[in-house]
Amino acid sequence: MQRSRKGVFMDWIKKAVAVFLLVGLAFCMEQGKEQIQERDMQQEIADKVLRFHVRANSDSKEDQALKLRVRDAVGVLMKEKLKDAASLEDCKRITGQELGEIVDKAEDVIRESGYTYAVEASVSAVDFPDKTYGAYTFPAGRYDALEVVIGNGAGHNWWCVLYPNMCFAGSTYEVVEEQAKEKLQRTLTNEEYQSLMEKKNYTIKCKYLTFLNKYMEKM
């Protein structure tokens, strides 16, 4: 019995949909592999740096300005303390030993500015968003960091890299000093260093085949 045109057409549609889904799945799996590689790269970079994180008391204009003054004071203090640090381990050890002085320095700035906020300082694991310093974009992820919390710590945060030092007083981080570039390049592998200068999407998902995202997240 000869099949109707409608039946032939429906068979063609089914095959086309199947091919589309297979191609889409293959594409998403490849993107998933890239995402895993980027996540691994972030972890490798995180194992070689110490970051600096300052949390403002609130988002008020005054508290945000105070955050920057504390940032600069602590940054200058730590630049001097860490000038002879030859490794990440040295940096973490010295930073841990200086937490009391870091708190004292931050509190001095706060008192001089007319506030009474308490300050907490610690070396701990902190979640960071993507952050750009000059030509370098550090991927989002978890990094060990010197964290300074002002008062309630409920305001917008500020970040930089303490080792190798990329924290400069008053800087907008549009330009990275040559010495910092050289030390960063020595600290990381060539692949890791180059990855910081590439524009990447660290949250790749299947944009159009959204029902495949749950599968991809399990990879």
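## Helix α4

At 1.5 Å a residue, the 14 residues of helix α4 (residues 99–112) should span 20 Å, and the end C-alpha atoms of α4 are 20 Å apart, which agrees; the expected span of a helix is taken as 1.5 Å times one less than its number of residues. Helices (H or I, at least four residues) and strands (E, at least two) are DSSP runs, numbered from the N terminus. This is a predicted model, in which local features need pLDDT of at least 70 and side-chain atom pairs count only at pLDDT 80 or more, whereas totals for chains, interfaces and linings use all residues. Residues are numbered from 1 along each chain as its sequence is written, and side-chain values use heavy atoms, with hydrogens and water left out.

The buried residues of α4 are Ile102, Val103, Ala106, Val109 and Ile110, where buried means under 20% relative accessible area, exposed over 50%, and partly exposed in between (1.4 Å probe, protein chains only). These residues cover an arc of only 125° around the axis, which puts them on the same side of α4; the arc is that of the directions from the helix axis to the C-beta atoms. Just after α4, Gly114 takes a positive phi of about 90°.

## The four-stranded sheet

An open sheet of four strands has the order β2-β5-β1-β6, with mixed pairing, and two strands are said to pair if DSSP finds at least two bridges between them. Its edge strands are β2 and β6 (157–163), each of which pairs on one side only. Neighbouring strands of this sheet are turned by 30° against each other on average, direction ignored.

Strand β1 (residues 50–55) and β5 run parallel and are joined by five bridges; along this pairing, Arg51 stands opposite Ala145 in β5, and Val54 stands opposite Val148 in β5. Between β2 and β5, which run antiparallel, there are ten bridges, and the partner of Val126 in β5 is Tyr143.

## Helices against the sheet

Strand β5 is mostly covered, with eight of its ten residues buried. Helix α4 lies across β2 and β5, running at about 105° to β2, while α2 lies across β1, β5 and β6, running at about 110° to β5. Axes here are lines fitted to C-alpha atoms, for helices over the stretch in contact, and angles run from 0 to 180 degrees between N-to-C directions.

The buried residues of α4 pack against α2 (61–81), α3 (88–97), β2 (119–128) and β5 (141–150), contact meaning heavy atoms within 4.5 Å.
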